[in-house]
Amino acid sequence: MREPILYEFENYRYAQGRDLVIEEPETHPLFAGETLDAMLAELRTRLRQDREQFNPALLQGPVADGIRAFTGEWFQRIDFPEFGISTTSDRAWAMFDEGGVNTLGRHLTSEEACLLRPWPKWLYLRQLLPDLRGKSAMEVGSANGFFPFRFAEQGATRVTGVDVQKRKHESAVWANRILGWKNVEFVNTDFLVDFTIPAHDVVFVSELINHTLCPMWAVTRLLSLARETLIIDTGVFESQLHAMELSTGWNRGSGAAQMLSYQISDGLLVSFLKVLGVRTAEIVKYVESGAGHILYLIDTRGVHARRASGDLAEVPVNQRRSVMQQLAFPN
Ligand SMILES: C[S@@+](CC[C@H](N)C(=O)[O-])C[C@H]1O[C@@H](n2cnc3c(N)ncnc32)[C@H](O)[C@@H]1O
């Protein structure tokens, strides 16, 4: 990788592979110390209750049958407390992998993380969220609907969950039929190309941008969709260098492409936000140290106000027309 360089010419400065002014946003640990201990205690209580309250009879009946119909689609645990059942009550319904950030820095095993997912993530997120009472909130890449249901519980007046996968979307719609949230709506679409999605006060994305066709475009869109706060919870690598690496996953049998994943550096993501007109002081980072995972809490009010008043001094000249395009559907 090339070393970043700052060139100084007579009336021109050129920052190659780095920001012109390297300033770190305000940074905190994502979870640590007593907070982490309390989170782990809460999660272990939940796992213990799962074991102690397990009743095989609950795996029969219409709710169990509904969950079973989406076997293979439950990336997230959705609880139906009224029926004493969740989408991980039967191991065969759930998805098991390494568990990622839901292991909370490997304090939980992969199995525990997958049985709970994404409750571990929610326990750190709920402490960082703005007050959702009276606000509209949206999750893009909402899978089975876990976070939209939490946002409704937190008092958001209108909640939208967007997901491109039809069966994931249908599982969330089905879950909401059981849970009965009237102010939660799920939309089956691709947010990269669908300009009918309206802006919301708070927009949350988790494990999304680095799996999109074009992550920088994803960030551009998300910024337009978030009127007040954009929360990007994502894998990145901790480096001030500007770097991006593409990986692809393939089915060994059929040879079919399964997935793509970009690893973006923290430095590139922060610098790109600045290209879009976000100031460093409007970004707060919560870092899972050494794990390549950062949550970015971005106050988007300033960038929208500056764009509305025509103050685009922080956006490069050739990009001004692009950023001024209306990328969110008017409400
Ligand atoms: C890895 S899952 C993460 C689910 C959830 N955000 C979480 O953290 O538990 C990513 C989700 O984003 C959805 N997704 C990926 N690209 C999308 C796109 N372009 N538009 C809408 N949803 C998308 C996928 O279908 C999948 O359900």
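Helices here are DSSP runs of H or I with at least four residues, strands are DSSP runs of E with at least two, and both are numbered from the N terminus. Axes are lines fitted to C-alpha atoms, for helices over the stretch in contact, and angles run from 0 to 180 degrees between N-to-C directions. The model is predicted: local features need pLDDT of at least 70, side-chain atom pairs count only at pLDDT 80 or more, and totals for chains, interfaces and linings use all residues. Residue numbers start from 1 along each chain as its sequence is written.

Stay on α6. From its first C-alpha to its last, the 14 residues of α6 reach 20 Å, close to the 20 Å expected at 1.5 Å a residue (the expected span is 1.5 Å times one less than the number of residues). Now colour Lys-168, His-169, Ser-171, Ala-172, Trp-174, Ala-175 and Asn-176, which are buried in α6. A residue is buried if 20 or more other C-beta atoms lie within 10 Å of its own, exposed if 12 or fewer, and partly exposed in between, with C-beta atoms placed from the backbone. The cover over these buried residues of α6 includes α2 (62–69), β7 and β8; contact requires C-beta atoms, placed from the backbone, within 7 Å.

Eight strands form an open sheet with mixed pairing, in the order β3-β13-β14-β10-β9-β6-β7-β8. β3 (26–29) and β8 (184–188) stand at the edges with a single partner strand each, so one side of each is left without a neighbour in the sheet. From one strand to the next, the twist averages 15°. Two strands pair if DSSP finds at least two bridges between them.

Select strands β6 (residues 136–140) and β7 (residues 158–163), which run parallel and are joined by five bridges. Within this pair, Glu-139 stands opposite Gly-161 in β7.

β3 pairs with strand β13 (residues 283–288) in the parallel sense over four bridges, and Pro-29 stands opposite Val-287 in β13. β13 also pairs with strand β14 (residues 293–299), here in the antiparallel sense over six bridges. Tyr-286 has Leu-295 in β14 as its bridge partner. The two strands β13 and β14 form a hairpin with four residues between them, and Gly-290 in the turn has a positive phi of about 75°.

Now show the ligand. It is surrounded by 19 residues, the closest being Gly-141, Ala-143, Val-164, Gln-165 and Ser-206. A residue is near a molecule if its C-beta atom, placed from the backbone, lies within 6 Å of it. The shell has nine nonpolar, six polar and four charged residues. Ala, Val, Leu, Ile, Met, Phe, Trp, Tyr, Cys and Pro count as nonpolar, Asp, Glu, Lys and Arg as charged, and the others, Gly among them, as polar.

Select helix α1 (residues 33–52), which reaches 29 Å from its first C-alpha to its last. α1 is hardly covered, with two buried residues among its 20.

Finish in the loop between β5 (85–86) and α3 (110–116), where Ala-92 lies. Ala-92 counts as exposed because it has 9 C-beta neighbours inside 10 Å. Asn-102 is found in the loop between β5 and α3, and is buried, with 25 other C-beta atoms within 10 Å.

Conventions. Contact = placed C-beta atoms within 7 Å.
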